[in-house]
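Visitor: I have just opened this model and would like a guided tour of its geometry. Could you show me the chain before we talk?

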Amino acid sequence: MRVYISADMEGVAGVTAWEQVEPGGGAEYSRCQRLMAAEINAAVHGALEAGAASVTVNDAHGHMRNLLPEDLHPRALLISGTPKKLGMMEGIDRGFQAACFLGYHARAGSAGVLAHTIHDVVQRLEINGQEAGELGLNALLAGCFGVPVVLVSGDTVLAGEARRLQRGIETVIVKEALNYHAARSLPPRLAREKIRLGVARALRKKDFRPLLAPAPVTVTIKFSDPARAAAAAIMPGSQQPDAVTVSYTGVDYLEAYQAARCFIALAKSN
Ligand SMILES: [Zn+2]
């Protein structure tokens, strides 16, 4: 069994502020790099206990160089750096049997800690009319390669999002979201133990199915202001139903996902 881990940072136990997850945060950021690595290592332990032959970890946060290779479990392979065509799911392929999303956060506009979808210029994102956050976007990417998402870890709001997305998914709650910048968090040691046990339990279940989006797939993004949407609308093939919204219909999910990435890249650079 090959296991894939997508590792974000905002959903790590103890994290509630942007300076904790951005390199400019200095010592605070360095501490959270270690907290993040420890949660990933707990997940790797759990995967190996459940019989994984290999574990691939994709650093999926910000500039995607948060995990220091020397801090990572020696049995884990690390994908780091950016840009990556599949972003938070770079390296996923049909040879993986399961994916785990660690340190994830809830979608833009929800009550989760540091809730957002890819970038704060995005107010709302929909796939075929259904609202999606990074969890949904990346679960559908895994689905393109026939890989089911079996576990997510993060706050209470993320856990609700996961359960609505996929019945039976294992959710490890490491903190209760009080608001965007506050949480009641488990001690990191306890969070890691829950992650280790949760990953092992999830991988022993055999009844997961990959999440699929019926083709063709339309992605719709509502931006924070008209200037952002105008910049995104430069993309060939885009539609602009109103001043702050753009959409694109792809032949399949992969194309719609790439379009979403392009929309956001244009919007944030203009
Ligand atoms: Zn992140």
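Visitor: Where is Pro216 found?

Guide: Helices (H or I, at least four residues) and strands (E, at least two) are DSSP runs, numbered from the N terminus. By that numbering, Pro216 sits in the loop between H4 and strand E10 (217-223).

Visitor: What pLDDT do local features need here?

Guide: Residues are numbered from 1 along each chain as its sequence is written, and side-chain values use heavy atoms, leaving out hydrogens and water. This is a predicted model, in which totals for chains, interfaces and linings use all residues, side-chain atom pairs count only at pLDDT 80 or more, and local features need pLDDT of at least 70.

Visitor: Back to Pro216, then: what is omega for the peptide bond that joins Ala215 and Pro216?

Guide: The bond joining Ala215 and Pro216 is cis. There is another cis bond at Thr82 and Pro83, with omega of about 5°, and Pro83 lies in the loop between strand E3 (76-79) and strand E4 (98-102). For Ala215 and Pro216, omega is about -5°.

Visitor: What phi does Met64 have?

Guide: Met64 is placed in the loop between strand E2 (54-59) and E3. Although Met64 is not a glycine, its phi is positive, at about 65°.

Visitor: Into which orientation class do H2 and H3 fall?

Guide: The axes of H2 (residues 134-144) and H3 (residues 156-165) come within 10 Å and cross at roughly 40°; axes are lines fitted to C-alpha atoms over the stretch in contact, with angles running from 0 to 180 degrees between N-to-C directions. Angles under 35 degrees count as roughly parallel, over 145 as roughly antiparallel, 65 to 115 as roughly perpendicular and the rest as oblique. H2 and H3 are therefore oblique.

Visitor: Which residues of H3 make the contact with H2?

Guide: Contact means heavy atoms within 4.5 Å. From H2 come Leu135, Gly136 and Ala139, and from H3 come Leu158, Glu161, Ala162 and Leu165.

Visitor: At what angle do H2 and H6 pack?

Guide: The H2 side of this contact is Leu137, Leu140, Leu141 and Cys144, and the H6 side is Tyr253, Leu254 and Tyr257. The axes of H2 and H6 (residues 253-269) are 10 Å apart, and the packing angle is about 145°.

Visitor: How far apart are the axes of H1 and H4?

Guide: Two packed helices are described by the angle between their axes and the distance between the axes. H1 (residues 27-49) and H4 (residues 188-204) pack at about 30°, with an axis separation of 7 Å.

Visitor: How many residues does domain 2 give to its contact with domain 1?

Guide: An automatic or database assignment sets the bounds, giving domain 1 (2-121 + 130-204) and domain 2 (217-269). Their centres, taken over C-alpha atoms, are separated by 26 Å. Domain 1 brings 13 residues to the contact, and domain 2 brings 12.

Visitor: What area do domain 1 and domain 2 bury between them?

Guide: Buried area is the accessible area (1.4 Å probe) that two parts lose on being put together, summed over both. Of the area buried between domain 1 and domain 2, 71% is on carbon and sulfur atoms, and the total is about 1,100 Å².
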